[in-house]
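Please prepare a briefing on the model shown here, with the main points grouped by topic.

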Amino acid sequence: MSAAIEFRDVRFATVQGRVLLDGISFAIEEGSTTAVLGRSGSGKTTLLRTVNRMIAPTGGDVLVDGRSNVSADVIALRRGIGYVIQETGLFPHFTVERNVGLVPELLGRPRADRAQRSRELLQTVGLDPAKFAERYPNQLSGGQRQRVGLARALAADPKILLMDEPFGALDPLTRAEMQDMLRDLLDRMKKTVLLVTHDLDEALYLADRIVLLEEGRVVANLGPREFLGSIDAKVQAYIRAFHRGEKVRGEQKSEEQNGASHAAASQP
Amino acid sequence: MSAGFFAQYGGEIAELTVEHLWLTGAAMLFATSIAVPVGVALTRSPHWARPVMGVANILQTIPSLAMFGFLLPLPWLGERAARIAIVALIAYALLPILRNTYAGIQGIDAAVIEVANALGLTGMQRLFKVELPLAASFILAGLRTATVTCVGIATIAAAVGAGGLGELIFRGVASVDNRLVLAGAIPAAALALIADSALGLFERWFKVRAA
């Protein structure tokens, strides 16, 4: 198998001189899912955005399908890469169907084909087209919106899917549902996926490789099992920090719930 | 007002109303075709927003009679009163349209713009498929403010002989004939109210679609 995406010594510094990516090199095999893990500010989103040239690296090279994306036609490059972000960015003035069918529309596909494709994709992401195709984004729940975002990213049948904290804004139950749906979908579709997340469990569940970033550098690039069993101090520190964070969040949540039930109890 | 009054002035009122509409309409057409593209351009280079908006703001602040006064001695412009009137009205209409076009586009959810770019929309596709539709209700609100302002200021254009309903008002004041004043004032006020509610309807229609 060849590399669908390859980072070669990728560097990025802001105009003010802050270094966000500091010589990143690794490759992502075609049809595999790679999770990029890291804390806020580790550079993971910046790295993801170099793939479809939403950000132009200040050094090094990003190869997509073996070709440097520097010389690529940026519009064609982007149309061939699916993009899913936490905020979904659905077009509020388009129906669900038109949101999903937008890239095919840009590619000049006939209207009937687009409609059919949209409806197929809605089915694929677990939304009943009869019920949802004509709705507007403001008539959807957070999870449903994210499903539409995913369907839209798949519309032009891209080989590569970039996902930036796709389920980060969802409640734990919905998130788990979405992860199941995505895993099932990826098993069938064999896309090359670059998934940015800070959620270790999500990375372990969905990814074939886990890349850990710290201050713009790759500190680990391992399979999920090796990652969990790694004796690398930085990997262990991340795992510990993640679980501690989960615990703190869990406690906060139960306190909130207690608080809420107290408040409810005190009401006449 | 008696039937005799209408028999005497009805034709003139209608004529001046049409003239008033023509002055306002022409000015709005020019102002929109200047301010919307400039507003869009400013979203592309926001560092120009402040100075350009500042100039429009100064134009807006000049008292209307003074504005007509400034334009009167200019060559070509000064030759015809209607030209002066239209140019002055354009100057007043620019700021609301410009400001609302700029703010409407700048106010679009950043994630929507991000995705529009990431999906591979060209600049023009992004503008026409995403930005203008989503900013439409804002831009229309600017047009509404500008139109109402222009209908009002157009009455003053009669002072330089540009016609419009102001002519009846000025003539009425000069001849101490309240009926004549009202014959100009009532249609002018009605025009402003009609323009306001008609454009307001459009604005709401676009807003519902974008919600």
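**Briefing on the predicted model**

The crossing of H1(B) and H4(B) is right-handed, where a crossing is called left-handed if the near helix is turned anticlockwise from the far one by less than a right angle and right-handed if clockwise. This is a predicted model, in which local features need pLDDT of at least 70 and side-chain atom pairs count only at pLDDT 80 or more, while totals for chains, interfaces and linings use all residues. Residues are numbered from 1 along each chain as its sequence is written, and chains are lettered from A and ligands numbered from 1 in the order in which they are written. Helices (H or I, at least four residues) and strands (E, at least two) are DSSP runs, numbered from the N terminus.

**Helix packing in chain B**

- Helix H1 (residues 3-44) of chain B packs against helix H4 (residues 81-106) of chain B at an angle of about 35°, and their axes are 6 Å apart; axes are lines fitted to C-alpha atoms, for helices over the stretch in contact, and angles run from 0 to 180 degrees between N-to-C directions.
- The contact of H1(B) with H4(B) comprises 23 nonpolar, six polar and no charged residues, given that Ala, Val, Leu, Ile, Met, Phe, Trp, Tyr, Cys and Pro count as nonpolar, Asp, Glu, Lys and Arg as charged, and the others, Gly among them, as polar.
- H1(B) also packs against helix H6 (residues 123-156) of chain B, at an angle of about 145° and with the axes 10 Å apart, and the crossing of H1(B) with H6(B) is right-handed.
- On the H1(B) side the residues that meet H6(B) include His20(B), Leu23(B) and Val40(B), while those of H6(B) include Leu127(B), Cys150(B) and Ala154(B).
- By class, the contact of H1(B) with H6(B) has 13 nonpolar, four polar and no charged residues.

**The interface between the chains**

- In chain A, 17 residues are in contact with 17 residues of chain B, two residues being in contact if their C-beta atoms, placed from the backbone, lie within 7 Å.
- Helix H2 (74-79), strand S6 (81-85) and helix H4 (102-106) of chain A are the elements that give two or more residues to the side of chain A that touches chain B.
- That side of chain A divides into nine nonpolar, five polar and three charged residues.

**Sheet and hairpin in chain A**

- An open sheet of six strands runs in the order S6-S7-S8-S3-S9-S10 (chain A), with mixed pairing; two strands pair if DSSP finds at least two bridges between them.
- S6 and strand S10 (217-222) of chain A are the edge strands, each pairing on one side only, and neighbouring strands of this sheet are turned by 15° against each other on average, direction ignored.
- S7(A) and strand S8 (residues 192-197) of chain A run parallel and are joined by five bridges, and Leu161(A) stands opposite Val193(A) in S8(A).
- Helix H7 (residues 142-154) of chain A lies across S6 and S7 of chain A and runs at about 165° to S6(A).
- S1(A) and strand S2 (residues 19-29) of chain A run antiparallel, joined by eight bridges, and they form a hairpin with five residues between them.

**Positive phi values in chain A**

- Asp9(A), in strand S1 (residues 3-13) of chain A, has a positive phi near 50° although this residue is not glycine.
- Because 13 C-beta neighbours lie inside 10 Å, Asp9(A) counts as partly exposed; a residue is buried if 20 or more other C-beta atoms lie within 10 Å of its own, exposed if 12 or fewer, and partly exposed in between, with C-beta atoms placed from the backbone.
- Glu165(A), in the loop between strand S7 (160-164) and helix H8 (172-189) of chain A, has a positive phi of about 45°, and counts as partly exposed because it has 19 C-beta neighbours inside 10 Å.
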